[in-house]
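Please read the model below through a set of questions.

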Amino acid sequence: MAIYQENGFYLEYPDDWEPTVELQMGSDSVTFTHPQGSFWNLSRLLTWVNPEEMLAMMAQGLHDEYPQSDVVPAETQVGDAILYGIDVSFFYLDLPCTVQIRVYSTEMYSYILYTQMADLEEADLAPKFRSITKSWLENIEKEIKSSE
């Protein structure tokens with residue numbers, strides 16, 4: 001595993017994945033892309049966002065792009081943290097794909113976690129996505145404890 005430690009993010013990710021960073025006024029994001037195109041993306045917003053509104057807006061955007069998509073409420077537990085969100089299933093180039101969107105907030109930031117993969121890659125990639133997510137959340141918990 002490689003370590004990404006820049007711009008206030010600390011994450012562990014697979015060595016052969018490519019990190020990309022976007023720094024914008026009010027939000028920063030880091031994306032780790034698998035060599036075959038699947039990706040794990042985390043956006044950090046400097047303001048609180050209403051999770052339901054954000055998820056509805058993102059679901060609508062995906063539905064506009066993929067009208068036959070299915071959206072279901074979902075949650076992911078990583079350690080003690082529960083991330084709430086949606087799973088969106090759709091076809092891309094005749095391949096069934098899944099997007100998972102989760103939201104998480106602290107006193108300082110709101111986070112949007114967005115992953116996308118072809119369903120046939122799930123057995124290989126889902127554990128890697130969980131590992132990246134776990135490393136991020138563990139670091140967030142350390143930051144919260146150190147600020148108390």
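Q: How many aromatic pairs does the count come to?
A: This is a predicted model, numbered from 1 along each chain as its sequence is written; local features need pLDDT of at least 70, side-chain atom pairs count only at pLDDT 80 or more, and totals for chains, interfaces and linings use all residues. Rings of Phe, Tyr and Trp (its six-membered ring) pair if their centres lie within 6.5 Å; planes under 30 degrees apart count as stacked, over 60 as edge-to-face and the rest as tilted. By this rule the count is 10.

Q: What is the angle between the planes of Tyr13 and Phe32?
A: Tyr13 and Phe32 form an aromatic pair, 4.4 Å centre to centre. The pair is stacked, with the planes at 25°.

Q: How many residues apart in sequence are the parts that Tyr13 and Phe32 tie together?
A: Strands (E, at least two residues) and helices (H or I, at least four) are DSSP runs, numbered from the N terminus. Tyr13 lies in strand β2 and Phe32 in strand β4 (residues 27-33), so the parts tied together are separated by 19 residues.

Q: Are Tyr13 and Phe32 buried or exposed?
A: Buried means under 20% relative accessible area, exposed over 50%, partly exposed in between (1.4 Å probe, protein chains only). Both Tyr13 and Phe32 are buried.

Q: Why is the pair of Trp17 and Phe129 edge-to-face?
A: The ring centres of Trp17 and Phe129 are 5.8 Å apart. The pair is edge-to-face because the planes stand at 90°.

Q: Which helix holds Phe129, the partner of Trp17?
A: The pair links distant parts of the chain, 112 residues apart. Trp17 sits in the loop between β2 and β3 (18-24), and Phe129 is in helix α2.

Q: What is the relative accessible area of Trp17?
A: Phe129 has a relative accessible area of 5%, so Phe129 is buried. Trp17 is buried too, at 3%.

Q: Over the ring of which residue does the charged end of Arg44 sit, 4.3 Å from its centre?
A: A charge sits over a ring if NZ of Lys or CZ of Arg is within 6 Å of the ring centre and within 35 degrees of the ring normal. Arg44 lies over the face of Tyr109, at 5.2 Å from the ring centre. At 4.3 Å, the ring is that of Phe9.

Q: Which residue in β2 stands opposite Glu6?
A: Two strands pair if DSSP finds at least two bridges between them. Strands β1 (residues 2-6) and β2 (residues 9-13) pair in the antiparallel sense over five bridges. They form a hairpin with two residues between them, and Asn7 in the turn has a positive phi of about 55°. Opposite Glu6 stands Phe9.

Q: Which are the edge strands of the open sheet?
A: Seven strands form the sheet in the order β3-β4-β5-β9-β8-β7-β6, with antiparallel pairing. Edge strands pair on one side only; here they are β3 and β6.

Note on methods
Heavy atoms only, no water.
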